[in-house]
Amino acid sequence: MSGSLMRNSTIPRLLRIHTITDPALATTTTTVHSILRQQHQTRRAYFDFSNFFKRSREYNELSPSSLLTSSFSSKAGTSEFSKFGFVGWYLGMVKSRPVLTKSATSSLIYIAADLSSQTMSLPSSEAYDLVRILRMAGYGFLILGPSLHFWFNFVSKIFPKRDLITTFKKIIMGQTIYGPIMTVVFFSSNACLQGENSAEIIARLKRDLLPTMINGVMYWPVCDFVTFKFTPVHLQPLVSNSFSYLWTVYMTYMASLDKAGSSS
């Protein structure tokens, strides 16, 4: 190894000391220089590639608690955030404070979805309904976010595998248990906050629940398949919330419909 290093360092030095006059020797000298430069570039690229994997291993080995703690400290937080970015910080929050993080995520998605729904349905001259936005934000934070956390943990404990049959079992449970319950809760709580009485809430459910469930069967099984089959349990609420953006636009539209007559 030392002899190779001596040769690599001696050849360029000798070539710089002696002036080459022979054209054939000059061509050989140029070739030697080219080979040495290529070797140097190859070694440099190798070390850069090794550093990339080293940084990746550092992130994988970093515990969520240390990532969360460093994210809220001054200098350490700036260093860790610059290394791992928002995604690393969010993953640390999901593992350290799962219910709070998932609830806040659901709330933000419901706010964005309701703003999109109002933008499409309201005239351009009419202002946004801030009370309606707050209702959707409260539902996402207080009801949907925590329920998603406990539901996905519950399903993963009952069916821990990820094979095809188990995935379909999870999808069926979601369509027959969780989906109908949360749809009823959403319509009922939103109608109650709008001042509707029990008879009007029941009439709304009779009018809107079945069409919503039919549309849900056409939309959610594919989303649930991706969520249950390919996503870790602690990130399943995030993926489900991402899919629910378009669905929430539809749900907020349905919830904003005029109250149904108590006789319908």
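These are my notebook entries on a predicted model of one protein chain.

**Ground rules.** I number residues from 1 along each chain as its sequence is written, and I keep to heavy atoms for side-chain values, with hydrogens and water left out. Since the model is predicted, local features need pLDDT of at least 70 and side-chain atom pairs count only at pLDDT 80 or more, while totals for chains, interfaces and linings use all residues.

**Overall make-up.** I looked up the secondary structure and found 9 helices and 0 strands, where helices (H or I, at least four residues) and strands (E, at least two) are DSSP runs numbered from the N terminus. Of the 264 residues in the chain, 33% are buried, that is, under 20% relative accessible area with a 1.4 Å probe, protein chains only. Among contacts (heavy atoms within 4.5 Å) with a separation of 6 or more, 71% join residues 24 or more positions apart.

**Annotated stretch.** I checked the UniProt record, an unreviewed entry, which places a "transmembrane region" at residues 133-152; its positions are given in the numbering used here, and such annotations may be inferred rather than shown by experiment. In the model, residues 133-152 are 100% helix and 0% strand, with the end C-alpha atoms 26 Å apart.

**Helix pairs.** I then turned to helix H7 (residues 164-193) and helix H8 (residues 198-230), which pack at an angle of about 145 degrees with their axes 8 Å apart; axes are lines fitted to C-alpha atoms over the stretch in contact, and angles run from 0 to 180 degrees between N-to-C directions. The contact of H7 with H8 has 16 nonpolar, 6 polar and 5 charged residues, with Ala, Val, Leu, Ile, Met, Phe, Trp, Tyr, Cys and Pro counted as nonpolar, Asp, Glu, Lys and Arg as charged, and the others, Gly among them, as polar.

For helix H5 (residues 98-121) and helix H9 (residues 236-255), I noted axes that come within 8 Å and cross at roughly 30 degrees. The residues of the contact of H5 with H9 divide into 10 nonpolar, 9 polar and 2 charged. Residues that meet there include Lys102, Tyr110 and Asp114 in H5, and Pro237, Asn241 and Tyr245 in H9.

Leaving aside neighbours within four places in sequence, Phe243 is in contact with Tyr219, Trp220, Cys223, Val226 and Thr227. The C-alpha atoms of Phe243 and Val222, 21 residues apart along the chain, are separated by 9.9 Å.

How values were computed:
Buried means under 20% relative accessible area, exposed over 50%, partly exposed in between (1.4 Å probe, protein chains only).
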